[in-house]
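Thanks for coming. I have one structure to go through, so please look at the screen.

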Amino acid sequence: MSNRKPPQRQIQIELPADLDATYANFVLITHSPSEMIMDFARALPNVPKTRVYARVIMTPMNAKLLHKALGENLSKFEDKYGEIKAPDQGFDPQAERMGFVRD
């Protein structure tokens, strides 16, 4: 048996010039046996309501590949810029700072 990997397929990706970027700092994730559904939203300080701006649906396998790719890219980011500190027990609402804040 051969241990050679199958040749990688190249995919041309079109990035439209008029593509709108969407900022999200909050995501709701649900799933079924065949789909992972991620609803991306923006949560604002002292605003108890938010709106979903984008929904991404993918297969569980593609979600796992995304998880792997995010992990690899976060490792590269931390190697370059230092550890990303995340709270262990969630955010303290009194200390929460989002976006650009002017003191």
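L66 counts as partly exposed because its relative accessibility is 35%; buried means under 20% relative accessible area, exposed over 50%, and partly exposed in between, with a 1.4 Å probe and protein chains only. This is a predicted model, in which local features need pLDDT of at least 70 and side-chain atom pairs count only at pLDDT 80 or more, while totals for chains, interfaces and linings use all residues. Residues are numbered from 1 along each chain as its sequence is written, and side-chain values use heavy atoms, with hydrogens and water left out.

L66 sits in helix α1, residues 60–81. Helices here are DSSP runs of H or I with at least four residues, strands are runs of E with at least two, and both are numbered from the N terminus. From first C-alpha to last, the 22 residues of α1 reach 31 Å, close to the 32 Å expected at 1.5 Å a residue; the expected span is 1.5 Å times one less than the number of residues. Just after α1, G82 has a positive phi of about 100°.

Now the strands. Strand β1 (residues 26–31) runs antiparallel to strand β2 (residues 36–41), with six bridges joining them; two strands pair if DSSP finds at least two bridges between them. H31 has M36 in β2 as its bridge partner. Four residues lie between β1 and β2, which form a hairpin.

What joins β2 to strand β3? Six bridges do, and β2 and β3 (residues 52–58) run antiparallel. M38 stands opposite V56 in β3.
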